[in-house]
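Please open the model in a viewer and keep the selection tool at hand.

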Amino acid sequence: MSTVQISAADVNKLRQQTGAGMMDCKKALTETNGDFEAAIDFLRKKGAKVAASRQDRESNEGVVIARTSADFKTGVVIELNCETDFVAKNAEFVAFANQIANTAVEAKPATIEDLLALEIDVETGRQKISEAIIEKTGKIGEKIGVSKYEVINGEKVVAYIHGNFRLGVLVALSTDAAGAEEAGKDVAMQIAAMNPIALDKDGVDASVIERELEIAKEQIRAEGKPEAMIEKIAAGKLNKFYKDSTLLNQEFVKDSSKSVSQFLNEVEKGLTVTAFKRVALGA
């Protein structure tokens with residue numbers, strides 16, 4: 001046991017440096033005889049132990065943050081998870097997620113692994129995101145982690161967050177034309193609501209097309225249609241699938257008389273979507 005007198009000012013100083021709780025800071029200073037550097041290490045080790053003990057826990061709550069670079073040429077979306085809705089709504093947790101997203105949009109890492117290796121500012125200086133997550137786990141007492149990370153580039157990238165950080169969308173447009181920002185937001189809301197599986201029919205995986213055709217043919221046979229008509233009717237059903245499930249062919253939610261592609265062409269001739277990403281919490 002420490003023989004050094006730990007003052008309230010010392011505890012408060014360590015709290016300011018680390019963001020850890022008062023009792024944790026007092027214990028850390030007591031265990032390390034008032035050595036601040038050792039106390040910081042003590043708290044980090046506690047975070048690692050808490051993280052290890054929470055590995056088997058479900059972390060299906062959290063926030064989704066979508067962000068664009070200052071020049072709107074790059075967009076990122078991340079999902080930072082925790083265990084409870086209470087923590088997900090905590091301002092410190094949301095701020096931490098925003099800090100990770102801001103770092104990602106500046107550095108443009110290719111993968112989650114690359115993202116976690118980046119450094120961010122923490123109370124004690126600079127630290128890898130992976131290490132900061134462990135410390136945050138120790139402080140909050142819940143399993144925390146980045147489960148999804150997406151990045152896209154384009155001539156004009158628009159970000160949209162829906163439903164209190166429950167869903168994030170990125171849309172890359174072919175040109176930064178007049179009205180592109182507003183059009184991009186409209187398309188992002190379309191993606192959030194309609195969840196298209198691809199940009200257009202060329203982006204649909206061959207296995208998905210094959211499955212849809214087989215389902216259509218079985219439905220047609222069950223209706224008793226002649227075998228000679230099955231291929232033609234199935235092709236029609238496939239076209240309907242493309243219309244319902246691919247972004248540019250979907251009916252525009254704000255005006256069902258036109259497709260998304262037609263809407264964009266009216267904003268600026270030739271304007272289209274070159275890429276999009278949709279991340280929903282827990283999906």
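Begin by selecting Lys-136, which is found in helix H7; helices here are DSSP runs of H or I with at least four residues, strands are runs of E with at least two, and both are numbered from the N terminus. Is Lys-136 buried or exposed? Lys-136 is buried, because its relative accessible area is 12%, and buried means under 20%, exposed over 50% and partly exposed in between, with a 1.4 Å probe and protein chains only. Leaving aside neighbours within four places in sequence, Lys-136 is in contact with Glu-92, Phe-96, Gly-141 and Ile-144, where contact means heavy atoms within 4.5 Å.

The model is predicted: local features need pLDDT of at least 70 and side-chain atom pairs count only at pLDDT 80 or more, whereas totals for chains, interfaces and linings use all residues. Residues are numbered from 1 along each chain as its sequence is written, and side-chain values use heavy atoms, with hydrogens and water left out.

Next, select strand E1, residues 61-68, of which 7 of 8 residues are buried. Gly-62 stands opposite Asn-81 in E2. The hairpin of E1 and E2 has 5 residues between the strands, and there Phe-72 takes a positive phi near 60 degrees.

Now select Leu-80, Ile-100 and Leu-115, the residues with the most contacts inside the largest nonpolar core, which has 25 residues. Such a core is a set of buried Ala, Val, Leu, Ile, Met, Phe, Trp, Tyr and Cys residues joined through side-chain atoms within 4.5 Å. Helix H5 (91-107) is one of the elements that each supply at least two residues of this core, and the largest share, 8 residues, comes from H5. Beyond its neighbours within four places in sequence, Leu-80 has contacts that include Val-63, Phe-93 and Ile-100.

Finally, select the open sheet of 3 strands, in the order E6-E7-E10 with antiparallel pairing. Strand E6 (156-162) and strand E10 (273-280) stand at the edges, each with a single partner strand, so one side of each is left without a neighbour in the sheet. E6 and strand E7, residues 167-173, pair over 7 bridges; the bridge partner of His-162 in E7 is Leu-167.

Note on methods
Two strands pair if DSSP finds at least two bridges between them.
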